[in-house]
Amino acid sequence: MKELPELNVGVVGHIDHGKTTLLNRLTGKFTDTHSEELKRGITIKLGYANTIISKNGGKFNNEGKGEKIKYISFIDAPGHEMLMATMLSGAAIIDAAILVVAANEGIQPQTREHFMALQAKNVKNIIIVQNKIDLVSKEKAAENYKIIKEFVKGSSAENSPVIPISAQQGINIEKIFEALDEIELPKKDEKSDPIFLVARSFDINKPGTKIDNLKGGVLGGILKKGVLKVGDEIEIKPGLSFKKNNQYVYETLKTKILAMFKGDGKVEEALPGASLSIETNLDPYLTKTDSLTGCLVSKAGILPEITHEIKLKAELFEKVLGSKDNQESKQFTVGDMLMLSVNTTITVGTIKKIKDGEMDLHLNMPVVSLSGNNVGIARNLDGHWRLVGSGIVL
Ligand code: GDP
Ligand code: MG
């Protein structure tokens, strides 16, 4: 599997437009697996599924027919307006996105907001699917197509394909494989020190496992650059957080890579771009229920110190896209409380200083800040975090 080119793709869009159904079609796997998600019929956490695209006599499939051409890891983003932060963390670990727009409803608040989140996180490869075409007339589909084209005009997705599909009926799905095949793979930077973004962490042991058989804590995420190998000594930052004298303190975790998994298989070495799970030597208690989500991993001694202070070059969007009334944005000012998504970390900070689009913030929760990183900026409006701008770490 290692030798196949790999692409990480996010599936985004408004709630109920068919993201999870589409992902099920694309991979044969169902990503709503948490009991709460099944009960409520919505995606709450990021969902993961993967597939291999094959090509057989010019036709694409995910059934292994013909020549295998690409390994795709999908991330299913929640479309609910309350879950913008989760969506933003997902956007940090993808190379490309599929924007799902239901033809019967058209562009909705989270269609706009997710689309801008992709811009904020600098995700340039976007495939647009016009879903639920089984529900609309030809005329309505054509009208909806025009509206979508108008919506992306002037953005990096201006020339993106817009593919009419029915996720539920399985219509035109192979056209999406074709579009995914055409996406140019991101350049792989194998020379740099490794940077692995943790998107989830877990304890894979079944309750009651005997101590001798216990597996170490597992980290899931993406290797942004560099190479990791089984046996590498690694460092995890900010790491463990706990309360001491009424204040949160953070402790870097040091451990060793015991094993790595990609899809269903074990790998000895991971190359940049790989979406993988890392089994570490950590007590599985430490990685339980996403406790290390948002952390960065590298080889020992590489990552900079964590910091509560961050400097950004920030840009405010003209409109608040996630709100139903599409209201005007209010300028950033000193004292504003903002939610930032830095890599897969979500943290809240206060503006301390602002001048010519550059702002200094004090963060409640520290981050490993790497200059050049793209940051999504959200503001709390009427009780919801709304994406209002984007920034670059200085
Ligand atoms: P998500 O919130 O974007 O993940 O949307 P879901 O995948 O959960 O789908 C929401 C609802 O739309 C479900 O009842 C699906 O069965 C239905 N749905 C999804 N795709 C289609 C489609 O192509 N046609 C029709 N008629 N219904 C669809
Ligand atoms: Mg869903």
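Seven strands form an open sheet in this predicted model, in the order E3-E2-E4-E1-E5-E6-E7 and with mixed pairing. Strands here are DSSP runs of E of at least two residues, helices are runs of H or I of at least four, and both are numbered from the N terminus; two strands pair if DSSP finds at least two bridges between them. At the edges sit strand E3 (59-61) and strand E7 (162-164), each pairing on one side only. From one strand to the next, the twist averages 30°.

Let's look inside the sheet. Strand E1 (residues 6-13) runs parallel to strand E5 (residues 96-102), and five bridges join them. Gly10 stands opposite Ala97 in E5.

Now turn to the ligand. Ligand 1 is surrounded by 15 residues (a heavy atom within 4 Å), and the closest are Asp16, Lys19, Thr20, Thr21 and Asp134. By class, this shell has three nonpolar, eight polar and four charged residues. Helix H1 (residues 19-27) gives the largest share of the shell, three residues.

The backbone takes part here too. A backbone N or O atom of Thr20 lies 3.0 Å from an oxygen atom of ligand 1, and for His17 a backbone N or O atom lies 3.4 Å from a ligand 1 oxygen atom. A polar backbone atom of Ala167 is 3.0 Å from an oxygen atom of ligand 1.

A few notes on reading the model: residues are numbered from 1 along each chain as its sequence is written, while chains are lettered from A and ligands numbered from 1 in the order in which they are written. Local features need pLDDT of at least 70, side-chain atom pairs count only at pLDDT 80 or more, totals for chains, interfaces and linings use all residues, and side-chain values use heavy atoms, leaving out hydrogens and water.

Conventions
Axes fitted to C-alpha atoms, helices over the stretch in contact; angles between N-to-C directions. Polar contact = N/O pair within 3.5 Å; in protein donor to acceptor, adjacent residues only side chain to side chain. Nonpolar A, V, L, I, M, F, W, Y, C, P; charged D, E, K, R; others polar.
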